[in-house]
Structure formats: C-alpha cells, structure tokens
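Dear colleague,

I am passing on the structure below for you to look through, and my notes on it follow directly after. Please read them with the coordinates open.

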Amino acid sequence: MTLSALLVSIVFASASLAWGYFRSGFGLYAIWILIFGAVWLLAVWRKWNWYSSIALLIYIVVAALGLWFEFNSSWMFAGGMLALFAWDVSDLRRRLYWSAKDDDTRELKRHHLIRISLLALFSFMLAFITLSLRVQFTFEWVAVFVIIALLGLGQLVRWLRR
Amino acid sequence: MSRSIFLSAFIYGLLLAGIVSLRGEFIALAIPFLLYLLYGFWSAPESFNLHVERSLSNDRITPESELVVTVTITNQGADIEELALEDVISPNLTIRLGSTRHLLRLPKGSSHTFAYTVTGPRGSYVFDSIYARATDTFGLIRREQTLRSDERLLIFPEFRKLKHISIRPRRTRLYAGSIPARVSGAGIEFFGVREYQFGDSPRTINWRVSARHDENLYSNEYQQERVADVGIVLDARASVNMFHADHSIFEHKVSAAAALSDAFLSQGNRVGLFVYSGFLGWTLPGYGKIQRERIMQTLARAQVGVSSVFAGLEHLSPRMFPPESQIVLVSSLLNADLNVLIQLRGRGYQVMIISPDPVKFELGLLPPSKEVEMAARVVRVERDLLILRLERAGIHVIEWNVDIPLDQAVGPLLMRQKRVL
C-alpha cells in the first residue's frame, strides 16, 4: 500500500513539475526534473532513505523557481505538495522497518495515508483560496509576517539549543 | 537533522522569499508544509506514561533450550499515534521466533502484548530495559523513554551426568557416604582382620584365619564409608583457555566442572567451587540440591579472565580447602603450575586433575603443515613430561580429548580407583 502510494506520488510530482516547465518552453529543465524523479525512484528501490530529503529540497526549489518565473502555479503547487507526500510516505516506510511481522501495520498505514491525503487536499484548497484572494500587500501585512517570522525564528533557535 | 527542523527551515525560506519578493505564491506554497508541521505538533505525544510487565517462561535454561519472553505494555497516559518498542536484550542471545521490535498505535488505557523466543550460550543475562519511542502521526516530534523491568536469565552449562567418581581423600567427614574413610567400622569393603571381640557378629568371623590359630577367633574388619570435602577448581585463566583465532576450550572445562560437581554432590559429598580467573570466585562448600544450584549459577557466570596477578596458580591457597581434602582441578595445565600442585600434594591434599588436551584442541584449529606437526610434537613431549612429573608426585592426572564427551572419554577412568599414597 505505502509503496504504491510512494511511487505514484513521486511519478506525479515529477510529471507535474516537468509538465509545468515544458508548457512554459523549458523542455531541457523538464528533462532534468524527470531525471531527478527517476533517481528518486531508484533511491526507493535501493533503500537510500537519505535521498528523500534532498529530493524534497530540489522539488521545492524547482516549484519556487517555477512560481518566480510565473509558470502555471497549479502544476507547481501539485508538484511541491506531492513531493511533500512522497517525503512523508518515504519516512513512514523507514519507520515501518521497526515493525514485526505480526504487528498490525495495515491499520497504521491506512490511518497515516488517510490523514496525509486529507491534509494534502485541504492545504491544496487553502493554497488556491490564498492565491485567489488578491489583497494589497501593504506595510501592515509585511509587519505581521515579519513578527510571525521572528517569533518562529526564536522558536527554531530554542529547539536547536535543546 | 530532525524532520521538524528541516521542514521549519523550508517554511521560513518560503515565507521570507514571499516577504522579500512581495509575491503571495511563495507564501501559498508554504501553506501545505505549515499545515503538515502544525498537525504534527498538534498530534505530538505528551510525556507518555507506559507500564511494562515482562515475564520469562523459565529463569534457568540450558544452551539448546528455548525461552519465551512475554512483554505487556499498558498505556496509562494519553493516546500514542505511533509507538516503537524494542526489548533490549544481550547480543549473545539469538531470537528464534518473534521479534523484540514492534511498531503500533496505542490508544489511552489500552495494552499490547508481544512474545518472542530466544536461545543462547551459557551465561547470565539481564533483561532490564525496554526502549520506547512515541511519535506523532507524521513522525515529526519524538519522545523517547527507557522502561525498566528487571528480569534475570541463567543459562546453565550443559553436561552429561557421570555415574560415579572414585576418590580417596585422607580425611573424610563424619557422615556416612560412599568414600572409603581409612577407618574400620560398618562398611562393605574389606579393611583388615583382628582378634574376635565380644559383641562381634558371628558373620564377621574369618573362619579361614581362625582355623590357623588354636586359641583365638578372628573377625574381619570393614572400612567405613563416609562423605568427603571436595574442592573443584576451574582454571579460567586466559593463558590456558584461549587458542588460535580466539577459540576457547573454556566451555569444555565448564561442562566438566558442572558434571564433576553434580556427581560429587549426588554422592553426598560437601563440594565447593573455585573459579580461578582474573579474580578468585569462591562458592563456599555445601551439600545437596541448594549447593548444586549455587555452583551452577557460578558456572553460568564464569568467564575467562586475564590478570597478571593470577597468571600462575600461586594464589591457590591451601587455606581455602579443608585440610587433607580432595581437590579436583579442571585445567589444561602450564609448566609453571607444577610446583604449586606438588606443594598442594605435599600438604596432604589428594589432587586429581581433569586436563582437557590443549594440543589436540589447537591442532584441530590450525591448518595442517609440517611446521605445525613439528610444533605439536614438541608441545606434546613437554606436556607428557609435565604429566609424568605430576603423577610421580602422586597427583592423579586424567587427560581428556574434548572431541569425545567427558562421560565417555574419562568416565571409566574416574570410576576406577587409583591407589595413591
């Protein structure tokens, strides 16, 4: 169950990003994205668990660049979100190595996949709502974001120190 | 790097990019990650409260037998979305069935029981900790705990019973047993003839001797049979136990010590065990089943020891054994041990040595070559000479080829009584 979900999410993440780039006339970059996707699939096969984090980083950077160059945002969002899905499932599979044969992992996997799927769906909707809401990016908004960023940064430093 | 920190870094990167570039798309792209992180924090386990119960199917087993370990974990705290458990066991133990690792979801108040079967070599093992790691649904926040539950397992040495061991120490104890006491009295073994005394049973009259004398009758005397003090010394020095490529003859010696102590205790003797290794491990002499249990426990824990202080047998003090008692040394012997053993014999102890043959043992480990063969011959001559000297000193040495079980190899020799001074 998890393997299928992982493979499908990697394929679709790569395909959506590549398609977004290809449609905007960046065919060579689309090929590179597909190559990264193939390497991720190879990593799944070879059990290179460390690769999923690198792949997520690459995919998010690619999606962000796509958004920067104003490619179709739906494909970029879909690519980024499916990469997050794949990264999550990849880690779930790593954690499942801990389980014994007689453990009820089916229930655990089902529970997990439902939650991550619902979360992906909800965040996809929320992201589109965010994009459709066109508000003036005023100084007040900037101030709010800066305060949130500083508070969060403080929290991050506290975690790191722990 | 923690997954939550990795994800946070992403989110901050995207948010900062959005603020700097004044582009809402970056902030929108950060939303799935932000929700993912927030959900992880929201479902993160609180400080969890688990209760563990572990039971062993037996606390004393032999090397080939299996032990079932049953562990029950009860969640006395909040719901745990994902709980990874590992019963931490000694690496020397082998899992035959089941697993020590489990991954499960444990709601509040529920329990989970798992069992596994282990087996292992001789030794003393402690089952004292269970590692538990609770995480949220997405594995972002971890809480780890080591749960304590103290159980002990002893794997006793395996041995084949010896039928009877014939010993003749100079001094015996008062209680009736099976060892000739060198004193006349009630017994079955002939001791001597003396003049008939009033009260002697007519059955004891030696008619053949009496017929030769006109004036007196003569009675047979029998030897009393009593129990004796036996001190078993297990030589656990690394210098006599470790051979080529870390192969050890020690397990054979432990089995021999177990078989000997069992046989001596079965005969009613008072037996003590002395493990001579990196330290002196002394099990005080005693009788019966309790003493057998004590000795087996000591043997289960016995290990080869390295010590410059106990490199020789000089610390084998006569004060540790009752005077003129029987000492049984289980050792492969070193040339340097000769004087100590002769001194013990000189103090009136009856010394018997069960000596696993180190030459044959090591020869079986080495690749055959002319050099090895020559070296084996030289060492064999040295060893034969050492054994000859010991036997001349009145020490009974029994060589044991460890390829053959002890009861078959030396059993008949142990049953035979050797007349020594």
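Chain B of this predicted model is divided into four parts, with domain 1 covering 3–40, domain 2 covering 50–155, domain 3 covering 176–226 and domain 4 covering 229–415. Between domain 2 of chain B and domain 4 of chain B the C-alpha centres are 39 Å apart, and the contact between these two domains involves five residues of domain 2 and five residues of domain 4. On the domain 2 side of that contact, the elements giving two or more residues are β8 (123–135) and β9 (142–155) of chain B, and by class the residues on this side are two nonpolar, two polar and one charged.

These two strands also belong to an open sheet of five strands in chain B, which runs in the order β2-β9-β8-β4-β6 with mixed pairing. Its edges are β2 (60–61) and β6 (101–106) of chain B, each of which pairs on one side only. Within the sheet, β8(B) and β9(B) are antiparallel and share 12 bridges, and B:V126 stands opposite B:R152 in β9(B).

Turning to the two chains, 43 residues of chain A are in contact with 35 residues of chain B. On the chain A side, α3 (51–68), α4 (73–96), α5 (105–132) and α6 (139–161) each supply at least two residues, with the largest share, 14 residues, coming from α5(A). The side of chain A that touches chain B is made up of 26 nonpolar, 10 polar and seven charged residues.

With best regards

Conventions
Residues are numbered from 1 along each chain as its sequence is written. Chains are lettered from A and ligands numbered from 1 in the order in which they are written. This is a predicted model: local features need pLDDT of at least 70, side-chain atom pairs count only at pLDDT 80 or more; totals for chains, interfaces and linings use all residues. Domain bounds come from an automatic or database domain assignment. Two residues are in contact if their C-beta atoms, placed from the backbone, lie within 7 Å. Helices (H or I, at least four residues) and strands (E, at least two) are DSSP runs, numbered from the N terminus. Ala, Val, Leu, Ile, Met, Phe, Trp, Tyr, Cys and Pro count as nonpolar, Asp, Glu, Lys and Arg as charged, and the others, Gly among them, as polar. Two strands pair if DSSP finds at least two bridges between them.
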